[in-house]
Amino acid sequence: MNIALLLEMAAQAAPDRVGLVCDGKRWTYGELLCAARGACALIERSGAHYVALLDESSEAAVIALFGAALAGVPYCPLNYRLADADLAALLGRIAPALVVGDGKRVARIAGDQGHTVLPRREFTLQAQEPVPEAEDREYDPGAEGVAVQLFTSGTTAAPKAAILRHSNLLGYILGSVEFASADEDDAALVVVPPYHIAGISAIMSSIYAGRRMVMLPAFSPEGWLSLVAGEKVTNAFVVPTMLGRIIAEQDRNPVETGSLRAIAYGGGKMPVEVIQKALALFPHAGFTNAYGLTETSSTIALLGPDDHRAALASDDPKVRARLASLGQPLPTVEIEIRDEDGKVLGPGEHGEIYVRGEQVSGEYKEKSALVDGGWFPTRDAGYMDEDGYIFLSGRADDVIVRGGENMSPGEIEDVLLTHPAIADACACAVPSVEWGEAVGVALVLRDGHLEPAVDEIKELIRARLRSSRVPDRITFVAELPYNEMGKLLRREVKKLLGD
Amino acid sequence: MKPGTRLKSAADDTEVMVIRTGGGTIECGGAPMGEAKPAEPAALNPDFSAGTLMGKRYVDAGGQYELLCVKPGKGSLSVDGVALIVKDAKPLPASD
């Protein structure tokens with residue numbers, strides 16, 4: 001099995017159809033496949049053990065992904081935002097690699113590691129040189145071959161090298177995308193960084209569906225909206241912070257977005273206020289919340305457009321609450337909620353989210369995290385309602401344990417956000433002599449409001465939750481720390497509250 | 001036969017990738033499929049000539065076999081003479 005099959009099929013069915021638009025240049029499926037075969041030859045000549053990408057999204061990401069697959073070498077896109085020392089350490093873990101992208105930086109920080117470096121333009125040009133025997137050659141690294149290696153963001157410890165095999169990624173695409181199902185006019189706007197799993201799955205699912213990709217290498221709300229209007233984009237995936245900024249920009253300088261039919265979001269918690277505004281601002285678009293992890297080859301649960309509309313229109317608090325849920329498991333995976341002893345929990349009971357299925361790798365280069373029966377403990381905490389809708393309450397590692405009682409930051413934050421003067425909130429554990437841990441909260445004041453009294457906030461929590469959830473420490477900050485994907489950096493808030 | 005194996009029809013242009021397989025004989029157009037095309041093409045059996053569609057997955061009733069059509073043709077797929085059927089998947093909204 002080889003994920004290159006996806007591009008081979010697209011190129012066979014529609015060689016002259018445009019598959020990618022980037023920086024004004026259009027690439028057909030036939031041209032992309034030729035370039036991937038050329039990249040395979042380049043990779044083989046270099047003797048590299050990995051193909052790394054140190055660059056923003058561009059055609060090079062597509063060519064490198066499939067070129068590496070053909071060559072049977074893992075593709076390893078790296079986060080160019082990392083500090084030099086951290087990046088050099090990751091490069092050291094994949095040496096010798098063919099590194100596509102920022103050659104000067106590699107020479108400066110990892111010049112002695114034996115890498116072959118090609119800047120984006122050179123890589124793309126060299127890959128397009130024809131390869132004579134490409135047509136008749138069989139490329140098969142086997143089902144067990146590693147297609148992609150992604151370093152996790154390492155919010156709690158050193159980055160782990162998550163491994164996705166060809167069989168995991170193909171299982172995900174074949175199970176969730178119908179071949180050539182997109183209309184000729186369909187276009188997906190890809191803005192997720194290439195080193196994120198959603199950036200990789202976007203490439204594979206767009207190509208298999210036959211949906212033209214429009215790449216925006218660096219996000220800006222103006223750039224995003226102008227591409228939507230200019231390329232008549234029909235589908236887009238965004239992270240919550242992007243959607244918030246797009247809404248604000250579209251409010252100020254509206255452009256024609258009538259072509260947008262589907263907007264998917266994920267990668268972090270979506271504020272209900274933002275999604276409500278988005279539903280009103282893009283009335284013709286269906287919204288989909290996608291929940292997934294690097295270790296699961298992307299999406300494992302979906303809240304689809306019908307769920308969004310039903311939640312908005314319903315008077316039933318249970319159905320309305322689903323606007324904040326992750327939706328239901330994909331038909332191709334199984335999901336369970338389990339307690340700390342591994343016991344499966346019933347509806348409404350809080351525990352850890354476990355998942356299994358073909359697309360689930362749950363594997364790191366160092367070791368597999370799978371438990372008995374092939375289940376992957378996600379370390380995400382949450383619960384399922386009686387209809388199978390999953391609700392996320394945070395990372396299992398973020399659970400606050402106060403005097404033996406477990407509480408999730410999410411439930412406390414949800415209540416805090418109902419206060420009109422609070423724009424953003426983060427709850428986390430603070431050391432307590434009496435209880436071991438207690439609740440600390442960092443709050444962001446909404447513009448134009450006065451800071452509420454500490455007692456008022458404590459009373460809000462006491463009235464809505466239990467007295468054990470009442471924060472010991474409350475602090476106001478100008479803003480909460482998020483990473484570029486919109487993930488709240490709790491350890492930094494913890495530091496702030498601990499001081 | 002391991003998953004990922006590509007099989008070619010002896011009777012038409014069909015090619016499949018094996019996703020799952022039991023021990024039986026996989027056929028197209030009524031003739032056994034192989035990793036290479038035979039020198040002499042087999043005749044297309046009219047009982048197995050409904051055609052294959054690119055990108056469709058074909059399964060048996062027992063869930064033992066699953067084949068992905070990677071090249072379409074005039075024949076239709078079977079295992080030990082029993083026709084395979086198209087796997088219908090509920091379309092999902094695009095999520096990435």
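Guide: Two residues are in contact if their C-beta atoms, placed from the backbone, lie within 7 Å. With that in hand we can read this predicted model.

Visitor: At what angle do helix 4 of chain A and helix 5 of chain A pack?

Guide: The angle is about 85°, and the axes of helix 4 and helix 5 (residues 103–110) of chain A are 10 Å apart. Angles of 65 to 115 degrees count as roughly perpendicular, and helix 4 of chain A and helix 5 of chain A are therefore described that way.

Visitor: What about helix 2 of chain A and helix 3 of chain A: how far apart are their axes?

Guide: Their axes are 7 Å apart, and helix 2 (residues 29–46) of chain A packs on helix 3 (residues 59–71) of chain A at an angle of about 60°. That angle makes helix 2 of chain A oblique to helix 3 of chain A. The crossing of helix 2 of chain A past helix 3 of chain A is right-handed.

Visitor: Which residues of helix 2 of chain A meet helix 3 of chain A?

Guide: Helix 2 of chain A brings A:Leu32, A:Ala35, A:Ala36, A:Arg37, A:Ala39, A:Cys40, A:Ile43 and A:Glu44. Facing them in helix 3 of chain A are A:Val62, A:Ile63, A:Ala64, A:Phe66, A:Gly67, A:Ala68, A:Leu70 and A:Ala71. The class count for the contact of helix 2 with helix 3 of chain A is 13 nonpolar, one polar and two charged residues.

Visitor: And helix 1 of chain A with helix 8 of chain A: at what angle do they pack?

Guide: Helix 1 and helix 8 of chain A pack at about 30°, with axes 8 Å apart. Since angles under 35 degrees count as roughly parallel, helix 1 of chain A is roughly parallel to helix 8 of chain A. Here the crossing of helix 1 of chain A past helix 8 of chain A is left-handed. A:Leu6, A:Leu7 and A:Ala10 of helix 1 of chain A meet A:Met204, A:Ile207 and A:Tyr208 of helix 8 of chain A. The contact of helix 1 with helix 8 of chain A has six nonpolar residues, with no polar and no charged ones.

Visitor: Now the chain as a whole. How many helices and strands has chain A?

Guide: Chain A has 16 helices and 24 strands. Its radius of gyration is 23 Å, close to the 23 Å that the globule rule gives for 499 residues, so chain A is as compact as a globular protein of that length. The C-alpha trace of chain A spans about 75 × 50 × 45 Å along its principal axes.

Visitor: What does the secondary structure of chain B come to?

Guide: Chain B has zero helices and nine strands. The radius of gyration of chain B is 13 Å, close to the 12 Å from the globule rule for 96 residues, so chain B is as compact as a globular protein of that length. Its C-alpha atoms fill a box of roughly 45 × 25 × 20 Å along the principal axes.

Visitor: How many residues of chain A are in contact with chain B?

Guide: 31 residues of chain A are in contact with 18 residues of chain B. Elements of chain A that each supply at least two residues to that side include helix 1 (4–13), helix 8 (197–209) and strand 14 (298–303). By class, the side of chain A that touches chain B has 18 nonpolar, 11 polar and two charged residues.

Visitor: You mentioned strand 14 of chain A. Which residue with a positive phi lies there?

Guide: A:Ser298 lies in strand 14 of chain A. Phi of A:Ser298 is near 90°, a positive value in a residue other than glycine.

Visitor: Where is A:Pro96 placed?

Guide: A:Pro96 sits in the loop between helix 4 (84–93) and strand 5 (97–101) of chain A. The peptide bond from A:Ala95 to A:Pro96 is cis, with omega near -10°.

Terms used: Residues are numbered from 1 along each chain as its sequence is written. Chains are lettered from A and ligands numbered from 1 in the order in which they are written. This is a predicted model: local features need pLDDT of at least 70, side-chain atom pairs count only at pLDDT 80 or more; totals for chains, interfaces and linings use all residues. Axes are lines fitted to C-alpha atoms, for helices over the stretch in contact, and angles run from 0 to 180 degrees between N-to-C directions. Helices (H or I, at least four residues) and strands (E, at least two) are DSSP runs, numbered from the N terminus. Angles under 35 degrees count as roughly parallel, over 145 as roughly antiparallel, 65 to 115 as roughly perpendicular and the rest as oblique. A crossing is left-handed if the near helix is turned anticlockwise from the far one by less than a right angle, and right-handed if clockwise. Ala, Val, Leu, Ile, Met, Phe, Trp, Tyr, Cys and Pro count as nonpolar, Asp, Glu, Lys and Arg as charged, and the others, Gly among them, as polar. The radius of gyration is taken over C-alpha atoms; the globule rule is 2.2 Å times the number of residues to the power 0.38.
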